[in-house]
Amino acid sequence: MKRLMMGLVLLIATSAVTQAATLRTEILAEKLNFPWSVAELPEGGFLVTERSGQLVFISESGNKRAVELDLPDLYVAAQAGLFEVLLAPDFMTTRELVLSYSCGTERANNTCVVRGILSPQPPYSLLNTQNIFTALPKKEGAAHYGARMTRLPDATLLIALGDGFVYREQAQKLDNHLGKIVRVTRNGEAPDDNPFNHSQAPEIFSYGHRNVQGLIYDAARDAIWQHEHGPKGGDELNKIVKGGNYGWPIATFGIDYTGAKVSPFRELPGVKPPLYLWTPSLAPAGLALYKGDLLVTHLAGKRLQRLRLVDDQWQLEGEYLQDINARLRAVYVAPSGRILVLTDSAEGQLLEVFFED
């Protein structure tokens, strides 16, 4: 409980945080339709997903061109659409990447992941697309898909999945994928060393999640960091461990949007406590590693935060980009070291930011 209270104290004091570094910003591209994710290509330029369903190539000069893409089961509505683009570890030789998106219909949809081969040069197209994962069961509505992804050192893929909003009790059940983080092989199979062997959902790696919006592997610390949206209050940063239960909805620091309690418990035996809390909610929506620190972009909070690990506690080091007054969907530290940020709007921007520290 001491750790949790320390996190709360930090949040109450955010307005007093002094920026340890200055930040300058450069616009790389504009007029992107609700951009969601970005990846840097080794040959130069970027791939950006637009939630409305387009995969866009942006050259170093800022020119945009749609990547030919075949996703016949793509479902676009409200929070549903095209989500994460993630290059394979051996992309330089295989040209393989994975995409997460909402698949199905208004009455029966969930999160899907496909892999494909990006053609060698512009104009790009995605070839040999094949599904490697479909979250089950299919659900009604267009909310809480999760859909962030990261790779582990063994090349397995972690996929974050939301609880579907009105299906939150399913996050505690191990016979489905709602409110889970799953781990699959390159071909979409459940690895033999996954923590659960339930025949209906052997892919589950951790559970008790609400709507994961940040997921990254930290090689230096051999740690998986994740953040997720709480309801009203209770956005949380977690360290993900195999088989861990992260509490939703039986333990939470947030309340329902009506003001009613989701649960009378903030902590329970067997539930992993959050390492850091955002209350009131800032709606964290992106997560990246930079010089050992965590970078977090926020939608409702309209800011970029930098968190630093001090004596095993994540502490707020600085807040940035509040002057542009924009919802920030994603932050990505590219292999080249460039820091990229996406703004969340119908005319979104791809920004490059520079810490001068």
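What follows is a chat about a predicted model of a protein chain.

Reader: What share of the residues is buried?
Author: Buried residues come to 57% of the 357.

Reader: What about contacts between residues at least 6 apart in sequence, how many of them join residues at least 24 apart?
Author: That would be 56% of them.

Reader: Switching to charges. How many salt bridges does the structure hold?
Author: There are 19 salt bridges. One of them pairs the side chains of Glu 60 and Arg 338, at 3.1 Å from N to O. That pair ties together distant parts of the chain, 278 residues apart: Glu 60 sits in the loop between strands E4 and E5, and Arg 338 in the loop between strands E22 and E23.

Reader: Which other residue forms a salt bridge with Arg 338?
Author: Glu 352 does, with the closest N and O atoms 2.8 Å apart. Glu 352 belongs to strand E24, and this pair is 14 residues apart.

Reader: Are Glu 352 and Arg 338 buried or exposed?
Author: Both are buried. Glu 60, on the other hand, counts as partly exposed because its relative accessibility is 45%, which falls between the 20% and 50% cut-offs.

Reader: Which residues are linked in a network of salt bridges?
Author: Asp 90, Glu 96, Arg 115 and Arg 186 are. There's also a salt bridge between Arg 308 and Glu 317, where the closest N and O atoms are 3.2 Å apart.

Reader: What's phi like at Ala 283?
Author: Positive, near 60°, in a residue other than glycine. Ala 283 is also in the loop between E17 and E18. Lys 302 has a positive phi too, about 50°, although it is not a glycine. Its loop lies between strands E19 and E20.

Reader: Why does Ala 283 count as buried?
Author: Because its relative accessible area is 14%, under the 20% cut-off. Lys 302 is at 30%, so it counts as partly exposed.

Reader: Which residues make the nonpolar surface patch?
Author: Phe 165, Val 166 and Tyr 257 make a patch of about 320 Å². Phe 165 is in the loop between strands E11 and E12.

Reader: Last one, Asn 211. What does Asn 211 touch?
Author: Leaving out residues up to four places away in sequence, its contacts include Gln 79, His 144, Gly 146 and Glu 228. A polar atom of the Asn 211 side chain lies 3.0 Å from the backbone nitrogen of Gly 146. Asn 211 is in strand E14, and it is buried, with a relative accessible area of 5%.

Notes. Residues are numbered from 1 along each chain as its sequence is written. This is a predicted model: local features need pLDDT of at least 70, side-chain atom pairs count only at pLDDT 80 or more; totals for chains, interfaces and linings use all residues. Side-chain values use heavy atoms; hydrogens and water are left out. Helices (H or I, at least four residues) and strands (E, at least two) are DSSP runs, numbered from the N terminus. Buried means under 20% relative accessible area, exposed over 50%, partly exposed in between (1.4 Å probe, protein chains only). A polar contact is a pair of N or O atoms within 3.5 Å; within protein, one must be able to donate a hydrogen and the other to accept it, and residues adjacent in sequence count only if both atoms are side-chain atoms. Contact means heavy atoms within 4.5 Å. Patches are made of residues with over 30% relative accessible area and no salt bridge: like charges are joined within 9 Å, nonpolar side chains (Val, Leu, Ile, Met, Phe, Trp, Tyr) within 5 Å. Accessible areas come from the Shrake-Rupley method with a 1.4 Å probe; for residues, only the protein chains shown count as cover. A salt bridge is a side-chain nitrogen of Lys or Arg within 4 Å of a carboxyl oxygen of Asp or Glu.
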